[in-house]
Amino acid sequence: GPRRGAEDAGRFLNSSTDRDLFPIRASRLACRGSRLSLALQNRSHDPVSTRLGLEMRSPSGEIRQLSRPVTIGAEAEQAFEMVLPFEEEGASVVRVTLGDAPPLWISSPLHHIVAPWLSISHPGHAYRDGIFQTQPGPRRLEAVVAVREPLADMRLLARFTGPSAVPDQVLELNERYQIPLSLATGDLTPGPYTLTVRLLAGDREVARQSKTLTVYPPPRGSEVTLDAAGITYVDGAPFLPLGLYHVSEAVVAHVSRENAELALPPLTADDMLTDVQSKGFNCFVNGWGMPTRAFLDLAHTHALMAMPEIGRCTPEEIRTFVERGRDHPSILLWYSVDEASGEGLKHALEVYDLFRALDPHHPVGSAVNNPALFSEASQGLDILMPDPYPVGGAPIDMVTSYTTSAESVRRPGQALWIVP
């Protein structure tokens, strides 16, 4: 827990008279392991006796109170330790009191954090908690198992259960009580799997933790994945998106109508995509709906990947669009509600799981233009796309500000693309 000095350690409960008359001051409050430490200073010229109390609320809500008489010598400072009554996993709230009941003084709350006996992390599989067929390198389950403290005769047993059988493993502890776990998954049948690790002391089970992961089937079209750092991969190769908005058949038709009014030749889809490719772009947002198969085929011949803007469609419409395009090699992601807020943001959060269920091989992304919504919007996106628009007199460091704000809420396995 945090250490507190005298100036912020707590407050007198009754009146300023207590502050003036009561000579004891508490400082250096801290929770260390299973103990609370503090110092009491007597500002009086005479020894002072009082009661030192402790109140602790466990993570499950149980409250326990302890107290003891203490005497501090004249103009002296004395250190004290009290054993905390709980060792329940999670965050307990601790307060110290001084004086007989009711107390004269109560400390600011301290938080006593007890780590779980056993924890499992798998940062390499942060994106959708999955193992993908196109991930670079051998297909393996990589995890780190951490133990809070040593026990006599400690053993760790790891079991990976699911559609395919995997032999149990006995894990060896190292000096930091962190154990890397690596299991080959190349021949596993696709489907959900559960990694369960048991901590045993002799024949007694001390703790058990489980994590669920999914081994995804091979894609029929492209497969786009993200790593813990937010790097994007297309079919296993790193991909740096350089994209353009409003590239679609609707734009081709609109420009062609205007050209006809000016007696100019019509714009073709091939003209547009050739121009986009020649400018160095590798992807585009297909605004206002799902592109036709012919347009996606043409984009593929130009080495361009499409982000169809689905918007606020019904679940039935989303299903139709995704099933129509998910197997095409030029699909990069599904573009959800553009610059969502209010009801639009609510809709985007509601349909995120539907996108994931219909197409595990392509992420969901969209632009968000309000930093105050980055955290909430990111819950319905695999790729968060802040769009700061540093135009019209806005400072260029607006881009830095938006990027910093977005990075602060980005979770492992989520990408951050900037729409400047």
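A polar contact is taken here as a pair of N or O atoms within 3.5 Å, of which, within protein, one must be able to donate a hydrogen and the other to accept it. In the structure described here, which is a predicted model, such a contact involves N286, since a polar atom of the side chain of N286 lies 2.9 Å from the backbone oxygen of G289, and this distance falls within 3.5 Å. N286 belongs to strand β22, and because its relative accessibility is 3%, it is classed as buried, the cut-off for that class being under 20%. When neighbours within four places in sequence are set aside, the residues in contact with N286 are V247, S248, P291, F295, M307, P308 and E309.

Strand β22 takes part in an open sheet of three strands, arranged in the order β21-β22-β23 and paired in the parallel sense. In general, the strands of a sheet pair through backbone hydrogen bonds, and they do so in either a parallel or an antiparallel manner.

The antiparallel arrangement is represented by strand β12 (residues 140–147) and strand β15, which are joined by seven bridges. Within this pair, A143 has L181 of β15 as its bridge partner. The two faces of β15 (residues 178–184) can be told apart by their covering: I179, L181 and L183 make up the covered face, whereas Q178, P180, S182 and A184 make up the uncovered one.

V251, V252, S256 and N259 are the buried residues of α2, and because they cover an arc of only 135° around the axis, they are placed on the same side of the helix. R257 and E261, by contrast, are exposed on the other side of α2. The buried residues of α2 pack against α3, and the helix is followed by A263, whose phi is positive and near 60°.

In helix α3 (residues 269–278), the residues M272, L273 and V276 are buried; they cover an arc of only 90° around the axis, and therefore stand on the same side of α3. The elements against which the buried residues of α3 pack are β21 (243–244), α2 (249–261), β22 (283–286) and α4 (293–301). Just after α3 comes G280, which has a positive phi of about 95°.

The largest nonpolar core comprises 40 residues, and those with the most contacts inside it are F284, I318 and F355. Two or more residues are given to this core by each of α2, α3, α4, α5 (315–325), α6 (342–358), β25 (364–368), α7 (374–377) and α8 (398–409), and the largest share, seven residues, comes from α6. Beyond its neighbours within four places in sequence, I318 is in contact with I310, C313, V351, L354, F355 and L358. Another core, of 27 residues, lies apart from the largest one and includes L141, A143, L181 and L195.

Most residues other than glycine have a negative phi.

P219 is placed in the loop between β17 (204–215) and β18 (224–226), and at 22% relative accessibility it counts as partly exposed, because the buried class requires a value under 20%. Apart from neighbours within four places in sequence, the contacts of P219 are with Q133, T134 and H361. P219 and L195 are 24 residues apart along the chain, and their C-alpha atoms are separated by 24 Å.

Technical notes: Residues numbered from 1 in each chain as written. Predicted model: local features only at pLDDT ≥ 70, side-chain atom pairs only at ≥ 80, totals over all residues. Heavy atoms only, no water. Helix = DSSP H or I, 4+ residues; strand = E, 2+ residues; numbered from the N terminus. Buried < 20%, exposed > 50% of the residue type's maximum accessible area, 1.4 Å probe, protein only. Contact = heavy atoms within 4.5 Å. Arc of directions from axis to C-beta. Pairing = 2+ DSSP bridges. Core = buried A, V, L, I, M, F, W, Y, C linked by side-chain atoms within 4.5 Å.
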